[in-house]
Protein chains: 2
Amino acid sequence: MRRRNFAFGFLIILLVTLFHLSALADEGMWLLDQLKDLPWKELQQRGLQLSPDQISKLKDAVVIIDGGTGEIVSPNGLVLTNHHVAFGAIQRASTPEKNYIKEGFIARSLEEEIPIPGYEVTFTVDFKDVTKEVLEVVKEGMTPLERFKAIEHRKSELEDQAEKEHKNIEASVVEMFSGMKYYLFLYKRYKDVRLVYAPPASIGNYGGDIDNWMWPRHTGDFSFFRVYADKDGNPVEYSEKNVPLKTRVFLPISTAGVKKGDFTFIMGYPGRTYRYRSSYSIEYHEKINYPFQIDLYQSAINTLEAVAKKDPAVAIKVSGFIKGLNNGLKNNQGMLDGFKKLKLLEKKKQTEKEFLAYLDQHPDLKAKYGEVLEKIGKLYADLKTYADKSNYLRAIMFSQLPSTVYSAYRYAIEKEKKESERDPAYSEKNMERRLRYLEIRNAMYVPSADRALLKVFLKKALRLPPNQRISFVDEIVQGKSGAEAEKAIDQFVDNLFDQSQFKDLKSAVPLFKKSKKELDEIQDPMIEFARKLNKELLPLEEKNKEFEAQISLLRQKLIRGIYEWKGGLLYPDANRTLRFTYGDVRGYTPRDAVIYLPKTSLKGVVEKYTGKEPFDAPEKLLQLYQQRDFGSWIDPELNDVAVDFLHTTDITGGNSGSPVLNGKGELIGVAFDGNYEAMTSDYQFNNDITRTISVDSRYILFILDKFSDFQNLIKELKLVK
Amino acid sequence: MRRRNFAFGFLIILLVTLFHLSALADEGMWLLDQLKDLPWKELQQRGLQLSPDQISKLKDAVVIIDGGTGEIVSPNGLVLTNHHVAFGAIQRASTPEKNYIKEGFIARSLEEEIPIPGYEVTFTVDFKDVTKEVLEVVKEGMTPLERFKAIEHRKSELEDQAEKEHKNIEASVVEMFSGMKYYLFLYKRYKDVRLVYAPPASIGNYGGDIDNWMWPRHTGDFSFFRVYADKDGNPVEYSEKNVPLKTRVFLPISTAGVKKGDFTFIMGYPGRTYRYRSSYSIEYHEKINYPFQIDLYQSAINTLEAVAKKDPAVAIKVSGFIKGLNNGLKNNQGMLDGFKKLKLLEKKKQTEKEFLAYLDQHPDLKAKYGEVLEKIGKLYADLKTYADKSNYLRAIMFSQLPSTVYSAYRYAIEKEKKESERDPAYSEKNMERRLRYLEIRNAMYVPSADRALLKVFLKKALRLPPNQRISFVDEIVQGKSGAEAEKAIDQFVDNLFDQSQFKDLKSAVPLFKKSKKELDEIQDPMIEFARKLNKELLPLEEKNKEFEAQISLLRQKLIRGIYEWKGGLLYPDANRTLRFTYGDVRGYTPRDAVIYLPKTSLKGVVEKYTGKEPFDAPEKLLQLYQQRDFGSWIDPELNDVAVDFLHTTDITGGNSGSPVLNGKGELIGVAFDGNYEAMTSDYQFNNDITRTISVDSRYILFILDKFSDFQNLIKELKLVK
């Protein structure tokens, strides 16, 4: 299969000049088939020396690894990514005797590399526009929901077809621009991935949750893995016989350093953005969704911390979960703060007002787009009548054992349908993945935490307004309120866990093999609870599908309308597919009278040192600074080792671990964060304040060389000056 | 009397060149008779256009006002100072109907100016070196304590003598360099001071406790008073017949603005610094004093806030107290943090080590100074055996009614002695002032708060180690511990307040007229408590005097020794006498990769706005910004109104409200704070980070003109461009 580089429909028009006039600046997460339409002359002037084709070829070195992005940096399958992307893997590699999070890990030979079951590295093999193939199933007169289901079905067909055509390939059809376009992506997923190197958390996670999202930053957020395959390079499960994957395309590491104004670009797999959303969506998030999530995350953190306090072994098990929740909390809080501070809702409303005024002057366009916003508004008004209930049910599903048993129950129901009519979440392919991951999650399962979470969230559901009550919660409390109601919930949950035969996630695995009839015959309160959950969830899911089906069509239309109004070059919202983004090294002014410089130094690591986590830099690192033992990794401008730097590239979650490349395509850093002031950039990019935070490649080399004495790994890399 | 401008003994030597070589930089709070010894050529190159004589003459425009400094800015006794210096006065001028803290205050005519009873403005009339006159009473063979008492006595004599020689003059003999020098200062104290203008706290205290000590700052920290006198200009108590004081010397206001690098100087009344202290003193503060004070202030704040929560009227009364405590808390916490962060103790120890090494190489100096440090160490070791007890007794004295009754009791004891042998705190002159202030304090007295404070601190005294127990606390708890002991204390305090005939501070005033015998005849638990306090306090006071007597001599010697080692030009530690300090407008780097610019703008006020105290800028101010209605007060560099600025002058508490002058002696700002990073500058000045924070004179004019429409006041000022 060859990638077809044709134009991006009506969206990529010839008005590239408009791009210069627009406020887009360095905004944009571009698909690789959009590269040639970028303002190439400008990019060259700013320092880009590669052609679109040369950039496209680098895709073979940019992989999905766990929740982030990684890059191939040697011909022998060596992958560089973030420490925080590797965190779960390092945790799983650790034992009670060997805490690699705390101590770091060095495999001084291939034999010492630690396999991480369930940890995968995925390559993008190819992709193409399949809009026509997908949309040919849409017929006149279909309702939005019928249309939605037909498309879902068609996507599955195309995926199955592609997987039959290619060996060892996973196919995925994804929508762009809310379904205006569809792309087929072909992936190769490697399942034998081994840990090679991790710095101690006091380097790799220096600053911890306090510094998360913050600049100035001093985190050495990197780790190394290696991809293994069978001797023919096929992606196979772990085996002792596997060998390092031969990787023809890999990124050289620059030791030349960065300075203000240097051109940079990033390739990676950004997760989700919402750049084309309406004011109704913004309002929903500001008023309902973020406040709910903040409460959800904070409650879960409090609950888990209380459980962790009682037992150090439990503390280790839930640490990754808490870390994730803290990140989510800070993210949601930052979003909400940012929405308010940047007055996003007000601005969106203003833009829409101008759009409507423009339509008033253009009757032809008004006929096409005049009702879009109003219809979106109505859909959101309806969403609000069941959003709280949906949210609280989702919170209840935070409790892992009940939600696992529910998955088995639901899968049994879906199994009775034709594969084409199943909820895609319960397709055979997806269930296989989920079951594999279940065993890994089981190692971190803590029944007391699980029980506590369910209690907390059932109690919270007591707050729901009359029109959104969850019936089984009402059943549990039977009209009681206050402390009485809470007591009833405690008793219900204790009974649920005490009386159930299922004690951990693994024990529920056999359920996934059973039919609904067989499940219904088992007398177990956990299965009974699953049945009750199902009764509440199914109708809501249908409502959500209806909402999605309708809103997608309207969002498409809105994008078209705004495009017809403003013109320019558009990129699709992030959806975890491979993207290219560029910008330069640049600081910013976070507030009046304060300037943030774009590079930090080892001096700053020492300044932040308190001896206590998360500012507990290792003694040896402090000594290296005192003795100015910087090797050849010194930054001449700083007269110190550079640690992290800022640039104007456009990234989001999922980009973590992405390679940061200079104009020659050499790796100058690894992206690991965005800045707090620009957290809302998922909704709106702002060139003045939106920055990527990356760890400097020379800090990585300095740590490997001077701190970890791991010259062997450096030898495997291709260093360029 | 004429000020004699002779040299400063052996300290002011000819090695002025050394000054350039030393690390002193802009450090120094210089006495006015030291001016001519400063590096004059350098100052002229940096922009100073005045001669030492011209600067000296400005002293007539620089006054003590309450706890701060003020400056005369019109020929009719108009005084400019900080809003936070004026806070207590504005509070006292307020009524339940008119809250001038919240609303601000404008007297649009002389008639509307509000007299503030007890509020005073003090001019430095003259000063001279009286070292010889003081030290002539020191005789061979005196013990340090005898010497100390003889000097105290002699100082009182010289003061009385000066006050007899001059009409309407208060005299004060103060020591410099721990008693190496003594200066006689003559003051004229005006007692009819009226409030002319205060901005609302949402300007004058914008940022409140959160921004206190912080940069970037956006506080319009200024207010105006007017000094009144009888028709001959004499300082008299308030009378309707009084007229504005004619002030021949006053400061013109510059509207030219400041920019980076501009020369500035300050005259004012800095309170206390400890620049020549030994490592033992640093250690005592780091390990004992600051941790104790932090606990003391935090406990008092918590207690008062709890009481304030119950009653808005109480909240108003204790707000000033809480404000002061918060300032103290932040100050102490910042000091402690700064000590640790800047490793002050380590550095002092290192310097002392080098000093001792130098002495080893110079036997003549070793004979003179070899034992100083060791002796200081021994004194501090002894101090530690009763420091905790002293501190807890001081905390107990936070409770106002018991401490007032104690003062009366103690005064009765002291009265029986000859004036010359009395504790100077209980001299007739001091008692008169204290009684006057008592009536003012009474207006803010809240019995429930007083009672709560006493309970809290008596309970804290339970922690004292066996060798430092307070006997009346042990009596109260009678061997009980834990909750039982606390209950006993609650009962004791409730009984003390319930059974006493004294219900507020005013009710205790008649006690000050009684003899000890008469007091002993009154049956009242509050007087009984005073008796018990006295039993504990007197021996500790003697110990403290002994400590002071000995430590002063050793500190003098240490200063001499270090001077003989390092040379240079020395200035005496701050002691609330008039000082001159210079520097330039300059930002700083608070930490790696962050630059603080030296000027803030109105834009930043709007950025910080949350609508909630302390970021509740008035609507009108926000509008002025939106409309860019800046009048002629715009800063061309910022293209906005400048609000506050930073400069490298050397100030401390007491300097609040000091005039900031440019090289021509025109007022460009009013100093109101130091920066958090340099809080330890009371112990050690650091040119890289020690900064004065001042409000820009143009912000003052902008607020008067555009916000308050108070052009009349502007007309009274002398504006220069």
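Two strands are taken as paired if DSSP finds at least two bridges between them, and helices (H or I, at least four residues) and strands (E, at least two) are DSSP runs numbered from the N terminus. The model shown is predicted: local features need pLDDT of at least 70, side-chain atom pairs count only at pLDDT 80 or more, and totals for chains, interfaces and linings use all residues. Residues are numbered from 1 along each chain as its sequence is written, chains are lettered from A and ligands numbered from 1 in the order in which they are written, and side-chain values use heavy atoms, with hydrogens and water left out.

**View 1. An open sheet formed by strands of chains A and B.**
Strand β15(A) is joined by 2 bridges to strand β16 (residues 594-596) of chain A, and the two run antiparallel. Within this region, Tyr588(A) stands opposite Tyr596(A) of β16(A). The open sheet has 4 strands in the order β15(A)-β16(A)-β16(B)-β15(B), with antiparallel pairing. Its edges are β15 (588-591) of chain A and β15 (588-591) of chain B, each of which pairs on one side only. On average, neighbouring strands of this sheet are turned by 35° against each other, direction ignored. Strands of a sheet pair through backbone hydrogen bonds, either parallel or antiparallel.

**View 2. Packing of helices α7 and α22 in chain A.**
Two packed helices are described by the angle between their axes and the distance between the axes. Helix α7 (residues 144-165) of chain A packs against helix α22 (residues 525-566) of chain A at an angle of about 90°, and their axes are 9 Å apart. The axes are lines fitted to C-alpha atoms, for helices over the stretch in contact, and angles run from 0 to 180 degrees between N-to-C directions. α7(A) and α22(A) are therefore roughly perpendicular to each other (angles under 35 degrees count as roughly parallel, over 145 as roughly antiparallel, 65 to 115 as roughly perpendicular and the rest as oblique). Pro144(A), Leu145(A), Arg147(A), Phe148(A) and Lys149(A) form the α7(A) side of the contact, while α22(A) contributes Glu542(A), Lys545(A), Glu546(A), Glu548(A), Ala549(A), Gln550(A), Leu553(A) and Gln556(A); contact means heavy atoms within 4.5 Å.

Arg531(A) is located in helix α22 of chain A. With 25% relative accessibility, Arg531(A) counts as partly exposed (buried means under 20% relative accessible area, exposed over 50%, partly exposed in between, with a 1.4 Å probe and protein chains only). Its side chain makes polar contacts with the side chain of Asp520(A) at 3.2 Å and with that of Glu528(A) at 2.4 Å. A polar contact is a pair of N or O atoms within 3.5 Å; within protein, one must be able to donate a hydrogen and the other to accept it, and residues adjacent in sequence count only if both atoms are side-chain atoms. Residues up to four places away in sequence not counted, Arg531(A) touches Tyr409(A), Leu519(A) and Asp520(A).

**View 3. Lys599(B) and its neighbours in both chains.**
Lys599(B) belongs to strand β17 (residues 599-601) of chain B. At 6% relative accessibility, Lys599(B) counts as buried. A polar contact of 2.7 Å links the side chains of Lys599(B) and Asp635(B). Leaving aside residues up to four places away in sequence, Lys599(B) touches residues including Ala593(A), Trp215(B), Val258(B) and Asp635(B).

**View 4. Asp423(B) in a loop of chain B.**
The loop between α16 (400-415) and α17 (428-443) of chain B holds Asp423(B). Asp423(B) is buried, its relative accessible area being 12%. The side chain of Asp423(B) reaches the backbone nitrogen of Ala425(B) at 2.9 Å. Residues up to four places away in sequence excluded, Asp423(B) touches Arg410(B), Glu414(B), Glu541(B) and Lys545(B). Asp423(B) and His153(B) are 270 residues apart in sequence, yet 10 Å apart in space, C-alpha to C-alpha.

**View 5. Backbone geometry in loops of chain A.**
The peptide bond from Trp215(A) to Pro216(A) is cis, with omega near 0°; Pro216(A) lies in the loop between α9 (208-211) and β10 (223-229) of chain A. Trp213(A), found in the loop between α9 and β10 of chain A, has a phi near 75°, a positive value in a residue other than glycine. Glu613(A) and Pro614(A) are joined by a cis peptide bond with omega about 0°.
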